[in-house]
Amino acid sequence: MRAFLKGLLAVVVGLVVGSAVNMGLILLGGQLVPPPAGTDTSTTEGLQAAMPLFGPAHFIFPFLAHALGTLAGAYVATWMVGRVSRLPASVIGVLFLAGGVASCFMLPAPRWFEVMDVLLAYPPFAWLGYALARKRGTAR
């Protein structure tokens, strides 16, 4: 029971850390690559309306946010459990992947971005977070 609770806590903390990294990069991206003039991206409706006006540069930070948020969450979860189990990092990857798939249905992003995001941002970076934590010996 103690191992289960430790794993659950690791997943929750990993989700919080990964979400914070994700949001930080999304906010930074909006500053470095501003949306097209006259668009309001502060609401879901405004973002949906602006999406067809976005160029490829507007999708760099969302991809980085999804990939690095997943990486950070998986790394932290692996570090917290302190054992060889891939389960916490895998759960982080699956939960972030579910969020990415949901956003494909909510926002009309270009298909190339949706495919790249779903295939390259979540499972590979969850595995990379796990591998880095194990390799660096930071897993407790």
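Select asparagine 22, which sits in helix 1; helices (H or I, at least four residues) and strands (E, at least two) are DSSP runs, numbered from the N terminus. This is a predicted model in which local features need pLDDT of at least 70, side-chain atom pairs count only at pLDDT 80 or more, and totals for chains, interfaces and linings use all residues. Residues are numbered from 1 along each chain as its sequence is written, and side-chain values use heavy atoms, with hydrogens and water left out.

**Stop 1: asparagine 22**

Is asparagine 22 buried or exposed? Its relative accessibility is 16%, so asparagine 22 counts as buried. Buried means under 20% relative accessible area, exposed means over 50%, and partly exposed lies in between (1.4 Å probe, protein chains only). Now show the contacts of asparagine 22, where contact means heavy atoms within 4.5 Å. With neighbours within four places in sequence left aside, asparagine 22 is in contact with Ala65, His66, Gly69 and Phe96.

**Stop 2: the whole of helix 1**

Select residues 2-32, which form helix 1. At 1.5 Å a residue, the 31 residues of helix 1 should span 45 Å, and the end C-alpha atoms of helix 1 are 45 Å apart, which agrees. That expected span is 1.5 Å times one less than the number of residues.

Which residues of helix 1 are buried? Colour Gly7, Ala10, Val11, Gly14, Gly18, Asn22, Leu25 and Gly29: these are buried in helix 1. An α-helix has 3.6 residues a turn, so residues three or four places apart point the same way. The cover over the buried residues of helix 1 includes helix 3 and helix 4.

**Stop 3: histidine 66**

Go next to histidine 66, one of the contacts of asparagine 22. Histidine 66 belongs to helix 3 and is buried, at a relative accessible area of 13%. Apart from neighbours within four places in sequence, histidine 66 is in contact with Asn22, Phe113, Asp117, Ala121 and Tyr122.

**Stop 4: proline 62**

Stay in helix 3 and select proline 62. Proline 62 counts as buried because its relative accessibility is 19%. Leaving aside neighbours within four places in sequence, proline 62 is in contact with Ile26 and Phe113. Phe113 is also on the contact list of histidine 66.

**Stop 5: glycine 73**

Further along helix 3, select glycine 73. Glycine 73 is buried, with a relative accessible area of 0%. Not counting residues up to four places away in sequence, glycine 73 touches Gly14, Gly18 and Ile92. Gly14 and Gly18 are among the buried residues of helix 1. How many Å separate the C-alpha atoms of glycine 73 and glycine 18? The separation is 4.2 Å, although the two glycines are 55 residues apart along the chain.

**Stop 6: the nonpolar core**

Select Phe59 and Ile92, the residues with the most contacts inside the largest nonpolar core, which has 22 residues. The elements that give two or more residues to this core are helix 1 (2-32), helix 3 (60-81), helix 4 (87-106) and helix 6 (123-135). Helix 3 gives the largest share of this core, 7 residues. A nonpolar core here is a set of buried Ala, Val, Leu, Ile, Met, Phe, Trp, Tyr and Cys residues joined through side-chain atoms within 4.5 Å.

Keep phenylalanine 59 selected: not counting residues up to four places away in sequence, phenylalanine 59 touches Met51, Phe54, Ala109, Pro110, Trp112 and Phe113.

**Stop 7: helix 4**

Select serine 90, in helix 4. Serine 90 is partly exposed, with a relative accessible area of 39%. The C-alpha atoms of serine 90 and threonine 43 are separated by 31 Å, and the two are 47 residues apart along the chain.

Methionine 106 is in helix 4 too. At 49% relative accessibility, methionine 106 counts as partly exposed. Between methionine 106 and glutamate 45, the C-alpha to C-alpha distance is 9.8 Å, across 61 residues in sequence.

**Stop 8: the whole chain**

Zoom out to the protein chain, with its 6 helices and 0 strands. The C-alpha trace spans about 55 × 25 × 25 Å along its principal axes. Of the 140 residues in the chain, 35% are buried. Among contacts between residues at least 6 apart in sequence, 78% join residues at least 24 apart.
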